[in-house]
Amino acid sequence: MLGIVIGNAATIATIGIGQGAQVFVENQVSELGSNLLFILPGSPEAQRRPVYSPQTLVYEDAIALAEQVPLIDQVAPQLNSSTLVSYRDRNVSTLIYGTTPDILPVRDFDVASGRFLSDLDLQRQRHVVAIGSELAERLFEGRNPIGQSLRIDNLSFEVIGVMQPKGSTFGTNLDETAFIPLTTMASRLVGRTSPYGLTVTFINVAVRDETQMDMVKFQVENLLRQRHAITDENDFTVSSQKDIQERTAAVTGALTALLATVASISLLVGGIGITNIMLVSVTERTPEIGLRKAIGASPRDILLQFTIEATILAVAGGIVGVAVGGACIVLVSNVTSFKAGVSLMSVVIATGVSGALGLFFGIVPAQRAAKLDPIVALRSA
């Protein structure tokens, strides 16, 4: 039974946790906003094999999109870099967003105290920064950070604002990030790496009407193809929330199926174990089988007896395995952000498969028992 218990528990837990991970990712994508488009550098093919980060989008592309596509509400380019942020003797390695004031409404960020970046900060390339709530706590430990100076990559920046808590998105804790003007980021921290303008990591686009997402996507692609003088494959990728959800659902679904397949191998091992133990049982109970046959039991009766025993072993192991797997899922739900759940279908399938395995692997020992000669069996007593 132990093999069946482990196999069922692993299968149930894997499927449940996989479904929880899928729901978690879908919720993360939903929080991005249903009216957003994300423009990333590199073709869709390059996105699948990111050996290096292509640099094909520039700040001027974002300006052109805002000015020339009527259905676009707001555009917020981003230039990201991971670096060290310091205040006195405290150091934190975190993600820096070089961006524009439009990032607030586009990504639904809010300022808790102070102010956010302004257009004037962008034009004058000021050394100002708005920091996440957790970053503020780690650096300033309860003191008011507004007006204080911290160092980003050995450059001094004045703290002008603290953001409202936002949580994590795709593994990035937004409450530990810092926001500085995009122009300052490009000129002082990462440098200008493109001859065509100010390189950006990606561009966030907010669409006025969610029902026009496909139309806006088409217009964005056409405009960028014209600006980049593209005649063949795009050197950028435009994705909507729906596109990201479909891709992540496909990935998490495939991983769940793979893990469940690996876990189900334990069921096969358990079935083989049942065959072995039933063969031993037949050998040990040879006198019993001979006695039953001597008093009138048919080969069919013996076959049915040992088949039922094997099936009961497998089904009992399956039920215990379902309980253990369910307990694992509850534990994972309590200690992680994955809200995993026990699928009724997976329980039914796992228990049914266990019974089928017991029936299948119990046939050989049962047939061996049914074919025993009663005289030979009684003599071995």
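This is a short tour of a predicted model, stop by stop.

**Before you start**

Residues are numbered from 1 along each chain as its sequence is written. Local features need pLDDT of at least 70, side-chain atom pairs count only at pLDDT 80 or more, totals for chains, interfaces and linings use all residues, and side-chain values use heavy atoms, with hydrogens and water left out.

**Whole protein**

Colour by pLDDT (the predictor's confidence in each residue, from 0 to 100). The protein averages 81, and 88% of the residues score at least 70. Now show secondary structure: 13 helices and 12 strands. These are DSSP runs numbered from the N terminus: helices are H or I with at least four residues, strands are E with at least two. Select helix H2 (residues 44-48), where confidence is lowest, at a mean of 59. Then select strand E5 (residues 128-131), where confidence is highest, at 95.

Switch to the surface. The accessible area is about 19000 Å², and carbon and sulfur atoms hold 58% of that. Such areas come from the Shrake-Rupley method with a 1.4 Å probe; for residues, only the protein chains shown count as cover. Of the 381 residues, 46% count as buried. Buried means under 20% relative accessible area, exposed over 50%, partly exposed in between (1.4 Å probe, protein chains only). Contact means heavy atoms within 4.5 Å. Among contacts with a separation of 6 or more, 77% join residues 24 or more positions apart.

**Stop 1: valine 69**

Select valine 69, in the loop between helix H3 (59-68) and strand E2 (72-87). Valine 69 counts as buried because its relative accessible area is 4%. Show its contacts beyond four places in sequence: Ala64, Val216, Gln219 and Leu223. Draw a C-alpha to C-alpha distance to glutamine 219: 7.0 Å in space, 150 residues apart in sequence.

**Stop 2: glutamate 176**

Go to the loop between strand E9 (172-173) and strand E10 (178-181), which holds glutamate 176. Is glutamate 176 buried or exposed? It is buried, because its relative accessibility is 19%. Zoom in on arginine 138: its side chain makes a polar contact with that of glutamate 176, at 2.9 Å. A polar contact is a pair of N or O atoms within 3.5 Å; within protein, one must be able to donate a hydrogen and the other to accept it, and residues adjacent in sequence count only if both atoms are side-chain atoms.

**Stop 3: helix H9**

Finish on leucine 258, in helix H9 (residues 241-284).
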